Amino acid sequence: MRRFTTAFRAWRTRRHENAPPTDHTGSPAPEPVPGASTLWRMRTTVQDEPGSLAALCTALAGQRVDILSLQTHPLAEGTVDEFLLRAPGELPASGIATAVRTAGGTDTWIERADAHDLVDAPTRVLGLAARTALDAAELPLALRQLLGRCTIRSQPAPAGGGRAPGGVPVEGALDDTVLRLRAPEGGVITVERPYLPFTPTEFARARALVELDARLGPRVPHGRDVLTLAEGADITVRRADTRDLEPARAMHERCSDRTLRLRYHGPVGDADRYLNHLLSPRFGRTLAVQTASGRVVGLGHLLWDGDETEVALIVEDAWQRRGVGAELLRRLVAMAVDTGCGSVYAVTQASNTGMVAAMRGLELPLDYQVEEGTLVITARLGEPVASTAGELGSASAP
């Protein structure tokens, strides 16, 4: 319990430091560059009456602001207009917000945009739907890209069946800055965006993605890599899900108590209880290491933790110190890079020299937090992760 408490305190501290800001209206513009322009995303609420939008566009034109795209989100009273703007580089966000307020816009929110925002909304939604169709673990990431910076949490269904936690209706629930959707397994997906309320249009889009995921059922990509270790043994690295529950339990039985304690930070008898959650694509991605005979000897998890991403590893004793853990970790970090994560963290113990060495082996900037034996290592993903095929031997991807 003491270890859990200290790890939880460290986790809360990190989450508070990485929470998104609540006010972007005053976001500073970059250093002025003659002839340069800046992309901005802006939302504002206008009266639903003739001439309101025209007045707003006229005010923006007066500041030499170009409207690249516009989406409207009808409300019961008024309309939320979402703009992608190109403004002179020397014009700050506050200048744009003032012009909008003068033209009748209210509840204005604005932040910097980039080239990815130039993709029109229908194309972006179709792309996210395609990603979700190929991989069940993509749903939380697709929701985040659809809705912007937000915190997404999945809560499993109660044991033994029954209603979804919190009594969420089948059609979901929208409450200002929080939306809740029924997960296909009967649990609840909660999305929070404190700095910007959700609109009914966004709620409908998010619900459509979740419904697509439910109709397609469990699925993971079938690709796998066969690697040859230095001593000549072949191993296969592949994606895993809850269908690998029994092989994972069998691996636990072959692991020593020390290995289980280092991985799960608690009583070794409780280790199996975590597997169903860890293997679910709803909470992240899992890689399994499999021998030529089909035995699972290692698991690596990339877990969506709200607005952060955790990595975790376990390799059974007989296969430790062969480079298997390092290979798993680098593949997990490469996945995190591909999904746009800015960092990953591992919660372990200061005595777990294998995990510490694997994190250092990434050759990425690392931050450490230590409290009463609990160690949180955060890797910042500013650079691509190098391949490890040369360290382990040859690799193929059938």
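At what angle do helix H4 (residues 121-134) and H6 pack, and how far apart are their axes? The angle is about 25° and the axes lie 10 Å apart, where axes are lines fitted to C-alpha atoms, for helices over the stretch in contact, and angles run from 0 to 180 degrees between N-to-C directions. H4 and H6 are therefore roughly parallel to each other; angles under 35 degrees count as roughly parallel, over 145 as roughly antiparallel, 65 to 115 as roughly perpendicular and the rest as oblique. H4 passes H6 in a right-handed crossing, a crossing being right-handed if the near helix is turned clockwise from the far one by less than a right angle, and left-handed if anticlockwise. On the H4 side the contact (heavy atoms within 4.5 Å) is made by Ala121, Leu128, Ala129, Thr132 and Ala133, and on the H6 side by Arg205, Leu209, Leu212, Asp213 and Leu216. Seven of the residues in the contact of H4 with H6 are nonpolar, one is polar and two are charged. In this division Ala, Val, Leu, Ile, Met, Phe, Trp, Tyr, Cys and Pro count as nonpolar, Asp, Glu, Lys and Arg as charged, and the others, Gly among them, as polar.

The model is predicted, so that local features need pLDDT of at least 70 and side-chain atom pairs count only at pLDDT 80 or more, while totals for chains, interfaces and linings use all residues. Residues are numbered from 1 along each chain as its sequence is written, and side-chain values use heavy atoms, with hydrogens and water left out.

The protein chain contains twelve helices and 17 strands; helices (H or I, at least four residues) and strands (E, at least two) are DSSP runs, numbered from the N terminus. Of its 398 residues, 46% count as buried, with buried meaning under 20% relative accessible area, exposed over 50% and partly exposed in between (1.4 Å probe, protein chains only). Among contacts between residues at least 6 apart in sequence, 65% join residues at least 24 apart.

Helix H6 (residues 200-216) also packs with helix H5 (residues 139-147), at an angle of about 165° and with the axes 11 Å apart. H5 and H6 are therefore roughly antiparallel to each other, and their crossing is right-handed. Leu139, Ala142, Leu143, Leu146 and Leu147 of H5 meet Glu202, Arg205, Ala206, Leu209, Val210 and Asp213 of H6. The residues of this contact comprise eight nonpolar, no polar and three charged. H5 is mostly covered, with seven of its nine residues buried; these are Leu139, Pro140, Leu141, Ala142, Leu143, Leu146 and Leu147. Just after H5, Gly148 takes a positive phi of about 85°.

Most residues other than glycine have a negative phi. Arg64, in the loop between helix H2 (52-62) and strand S2 (66-74), has a positive phi of about 60°. Arg64 is exposed, with a relative accessible area of 57%. Asp107 has a positive phi of about 50° and lies in strand S4 (residues 106-112). The relative accessible area of Asp107 is 68%, and the residue is exposed.

Strand S4 also holds Glu111, which counts as buried at 11% relative accessibility. The Glu111 side chain makes a polar contact with the side chain of Arg41 (2.8 Å) and another with the side chain of Arg149 (2.8 Å). A polar contact is a pair of N or O atoms within 3.5 Å; within protein, one must be able to donate a hydrogen and the other to accept it, and residues adjacent in sequence count only if both atoms are side-chain atoms. A further polar contact joins the side chains of Thr228 and Asp234 (2.8 Å). Thr228 lies in strand S9 (residues 224-228) and counts as partly exposed at 23% relative accessibility.

Thr309, in strand S13 (residues 308-315), is buried with a relative accessible area of 3%. Leaving aside neighbours within four places in sequence, Thr309 is in contact with Leu302, Leu303, Trp304, Cys341, Ser343, Val344 and Tyr345. Val188, in strand S8 (residues 188-192), counts as buried at 2% relative accessibility. Val188 and Gly172 are separated by 16 residues in sequence and by 8.9 Å in space, C-alpha to C-alpha.
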